[in-house]
Structures are given as structure tokens and as C-alpha cells.
Amino acid sequence: MRSGTFGGRTKTSRAMFVAACLVGIAGFTAEQAFAHVVYRQPLNEVGTQTTYVISNSGWLAGVNPVTKADSHQSRFLWFQLDQPSHVNFTISAIDGFRYIPHGTTTEVTALGDLNPGWAIFEGLAPHLSHDGSTFPGQTPFAPWSPFVGPRYSTVSDPSSQKVGEYRSNADFTIASDYNPDGSRRDVATEGTLYNTLRFIAGDATHTGHEISGSLLLDPGTYTLTVGGANHQNLADVMTNMIASEGCKIAGEACEAFRVARLTGRGFTINFHASPVPVPAAVYLFGAGIVGLAGLARRKKLEV
């Protein structure tokens, strides 16, 4: 029971499909380890949340099956439904959101020009998962990755890192080098944790600064991602990333890449889930069945 843009799936949700990944989620802060996937408080409990996303093209890049997208440029949120529900939400760009960029100690102000896009998936990504984590059978590198430059042309390890794993309109698999409690895994002996998130629906306006979604979903655990859908920003990110080999070559292209990819954009999401009431006809049908059963029993006794 699902409906939405981009061809929603129709099979029944596997409730609590990744329940183990919920360990420790509730205590994570909004900006902790933004370079990797860190879920905030569930949207079904805290329906209004304000945060930011870096770049203005994380959603748009994920539509292309060749470039894919960088999970670091999308915000991963989640919610859980205990029964069939109507899910409604609005994502709005905001001015003035303050945050501390990952790896720094200086607070900055996010821009308010986000052109938001959203996608909903069944399941959760492992805690602290990201494009750079390895997992068996993973293709080495996305074509636009800084690692495909001349200095890295000989890389062919099928289990090596791949920058560009996230998709915004299709299933994708993403891995983590960490345990659910946040401790570092010994990937040499334990391997990585990874999950495949199943795409349900997604949408973007490309030019507007606000977007809404409305779906009818089965019980289950879901990921909602938010990213930018600005074509010019995507062109700037890709062009300057390739030209500078991901800033391995200092200069104008490197600085342009940093500005396009690492600049934060603030947004607020207002989320609401309403359980779907059982139609009155169902109760009437059930009452009718009970009545017929009682009538048949009385006739049997009379015989």
C-alpha cells in the first residue's frame, strides 16, 4: 500500500527490516559526523526538524545512474510506522541556520538558496555509512571520482572505495566501517556492515525553494533523504572536481569545487503521519460474517 512520485513500489514493507541499526540512533546530534550517515531523532516523534545539507545538487546527481551521487551531500532522516499511514511533509529552504562544518571548529551560516529534492526508501543505512566504505562486489570508482584521475588510473581492486554510491531514484547499497555503537570495525577481519535501501518514491522541483510530499505507506522503517536539485551547482561540482582531481591539484578549479560542493544550505522539514482508519465497510462486512455464522449455527442446532 504505497503511492508517490517516481513509481512507488507495491510490495508489503518488511517491518523492522533493519531494527538492529536503530541502536543508539536517538542520541545522535544534528551535526555529528556529517561526513557520514548519521540519523537524527525519528520524524514520527519529532515532526519539525531544522538542519542543513552541503551543496545544492546532491539529489540531482543521484538521478543519473552513471554519476550517481555523493551521500555526503544528502541529509538522511528516518521514521517508523506501526500501521498503514498517510505521510505528509514539506521541506523549505531557510536563511540563517548556523552550523560547524565537519572537521572544523568555526561556526558558519548556511545559505538559504536550497532547491530541495526528496527521496524515500525502505530500510536504514548502517550508522556512519558513506560512499567511501567498502563491501564485497563493489565496483571500484564512479567516473567522476577524484580517484579516476591520471594518478589513480591503475586502480582496479573490486573491493576498493567507490565515491558515488547513493541514488535518489533507485535502490542503492551503502556500507559502514563502524559498528552500530560507533566503534571502529576491523574491516580486515570483520568486513563492513552494509544494507540495501529500497526506493519507494522521490521528487524535486529543480528551481523552487520548497517542496512537499504525500504518500500512503505500509508499516515499516523508512529513510527520507533531502538534497539539492540545482543544475548549475551540479555542473560546477562535477567540472571543477574532475579538473582539480578532487582538489589534489591546487588552484582555481579546486577553490571553485570547494565553494560548490562544501557550502551548506539550511532547511526545515515539517512531517506528519496519520494512521489510516479501517473503513466502516470492513466493520460492517465483519459483522455480517459473524451474523451469518450465528445463523448457520442456529439452523444446525435446530436440525
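1. A search of the whole structure, a predicted model, finds one disulfide, a term for a pair of cysteine sulfur atoms within 2.5 Å. Cys 247 and Cys 254 form the link, with their sulfur atoms 2.1 Å apart. The link of Cys 247 and Cys 254 is right-handed, with 105° about the S-S bond.

2. Cys 247 counts as buried because its relative accessibility is 18%; Cys 254 counts as buried at 5%. Buried means under 20% relative accessible area, exposed over 50%, and partly exposed in between (1.4 Å probe, protein chains only).

3. On conventions: this is a predicted model in which local features need pLDDT of at least 70 and side-chain atom pairs count only at pLDDT 80 or more, while totals for chains, interfaces and linings use all residues. Residues are numbered from 1 along each chain as its sequence is written, and side-chain values use heavy atoms, with hydrogens and water left out.

4. Helix α3 covers residues 231-244, 14 residues in number, and reaches 20 Å from its first C-alpha to its last, close to the 20 Å expected at 1.5 Å a residue. The expected span is 1.5 Å times one less than the number of residues. Helices (H or I, at least four residues) and strands (E, at least two) are DSSP runs, numbered from the N terminus.

5. Buried residues of α3 include Leu 234, Val 237, Met 238 and Met 241. Among what covers the buried residues of α3 are α4 (252-262) and β12 (264-275). Just after α3, Glu 245 takes a positive phi of about 50°.

6. Ile 200 lies in strand β9 (residues 193-204) and counts as buried because its relative accessibility is 0%.

Note on methods. Contact = heavy atoms within 4.5 Å.
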